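The reader may wish to keep the model in view throughout.

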Amino acid sequence: MHTFNMYSLSLIAIFMIDQIMSNPMTMSNCVLWADPHLVKFAVHPSLSDRRPSFYCQSAGPMLVLKNRYIEITVNVTDRPFWNENFEIKLFAGPDTLCTVSPQNFQCPDKNFLRVKRLHSTMVIKYDEADDLSVTIYSNTINGRNTYDIHVSQSFNLIRQSYGLCVNEDPACELEHAPNPAGKRKRSLDDENAMKVCDVYMQEAYTTAKKELGNVSSPLNEYARTACINDVSLTGNREWGRSSVSFVAMEALRLSGLVGKERERKLESVVYAVKNAISRGDESSCLPGVSCTPRNPAGTFS
């Protein structure tokens, strides 16, 4: 019986690998957002909607992703644990094509590589890297920029990668782990934090439905949970902005768009997210919530 079970498991594993190899352009996404929270790449297409969310509480440099085409590192501050800086290196063989950061988004013109700035968002598209795409949303909170990073990458390339998007890290606990905030004191009660986050989530759902007609991702609840944690811990309602981009990017993932079609739709989504965040900022000024003058959405210098 034991031999049979091992044989069966081996056949299943081979079948799963064959599925991916037969369609190497099948994509998955990794997201590092807000204070910061993390959803890793799926290990298989069938598990894309059944991934856990992690809450990362460690300061300093972190390697988000590394493979032969790209290296993404971030620097996380500890009050709160937000991503205050990033550096992305893009490679072609042994050569470094360019290094992208909040201060530098210039890359040599290549027909297979594009780096665009769309207001408070940066988009990197690398065609020859299995259609790899990186979208970075910038927000200004308490006068400082924070960056939400969304990576879309093929399973073929995921198997050749390492970093937070792929590997376990003791600094990142499961989001639903008991007392995920550790000893950090809450600045706003959960009830008011929920009200704030529900405002941003409603804007997110409305935007996703208008742009892509699909708001049913089971991962969207992670955005709400993360928002509640962040807003209650910091007392700053503007952390709700990250939930808008999360839900919109999830809708884009579920749309199944690829290549140029996805790239065109992404530009539309980016501007729709900007407008949804502005509406959320206005509507989230609720009784019991600090409504100090809001910071504008972040920008790249």
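The accessible surface of the chain amounts to about 13,600 Å², and carbon and sulfur atoms contribute 54% of that area. The model is a predicted one. Of its 301 residues, 52% count as buried. The secondary structure consists of six helices and twelve strands. Among the contacts in the chain with a separation of 6 or more, 65% are between residues 24 or more positions apart.

The interior can be approached through its nonpolar residues. In soluble globular proteins, nonpolar side chains tend to be buried together. Here the largest nonpolar core has 43 residues, and those that touch the most other members are Ile72, Phe86, Ile88, Leu90, Val100, Tyr126 and Val134. Strand S5, which spans residues 70-76, supplies the largest share of this core, with four residues. Valine 134 illustrates the packing: beyond its neighbours within four places in sequence, valine 134 is in contact with Ile70, Ile72, Ile88, Met122, Val123, Ile124, Ile149, His150 and Val151. Apart from this core lies another, of 39 residues, which includes Ala204, Cys227, Ala251 and Val289.

Ala251, one of the residues of that other core, also belongs to the buried part of helix H5. Helix H5 covers residues 241-255, 15 residues in total, and reaches 22 Å from its first C-alpha to its last, close to the 21 Å expected at 1.5 Å a residue. How many of the 15 residues of H5 are buried? Twelve of them are, so the helix is largely enclosed by the rest of the structure. The buried residues of H5 are Arg241, Ser242, Ser243, Val244, Ser245, Phe246, Val247, Ala248, Met249, Glu250, Ala251 and Leu252. After H5 comes glycine 256, which has a positive phi, near 75°.

Side chains of opposite charge can pair when their charged atoms come close. The count for this model is 17 salt bridges. Glutamate 250 is buried, at 2% relative accessibility, whereas arginine 253 is partly exposed, at 24%.

Lysine 116 and glutamate 263 meet in a salt bridge, with an N to O distance of 3.9 Å. Lysine 116 belongs to strand S8 (residues 113-118) and glutamate 263 to helix H6 (residues 259-283), so this pair ties together parts that are 147 residues apart in sequence. With a relative accessible area of 30%, lysine 116 is partly exposed, while glutamate 263 is buried, at 11%.

The side chain of lysine 116 also meets that of glutamate 267 in a salt bridge, at 2.7 Å from N to O. This second pair likewise links distant parts of the chain, with lysine 116 in strand S8 and glutamate 267 in helix H6, 151 residues apart. Glutamate 267 is partly exposed, at 28% relative accessibility. Which residues are linked with Lys116 in a network of salt bridges? The network joins Arg114, Lys116, Lys125, Asp127, Asp131, Glu263 and Glu267.

Conventions. Residues numbered from 1 in each chain as written. Predicted model: local features only at pLDDT ≥ 70, side-chain atom pairs only at ≥ 80, totals over all residues. Heavy atoms only, no water. Helix = DSSP H or I, 4+ residues; strand = E, 2+ residues; numbered from the N terminus. Buried < 20%, exposed > 50% of the residue type's maximum accessible area, 1.4 Å probe, protein only. Contact = heavy atoms within 4.5 Å. Areas by Shrake-Rupley, 256 points an atom, 1.4 Å probe, with all protein chains shown as cover. Expected span 1.5 Å × (residues − 1). Core = buried A, V, L, I, M, F, W, Y, C linked by side-chain atoms within 4.5 Å. Salt bridge = Lys/Arg side-chain N within 4 Å of Asp/Glu carboxyl O.
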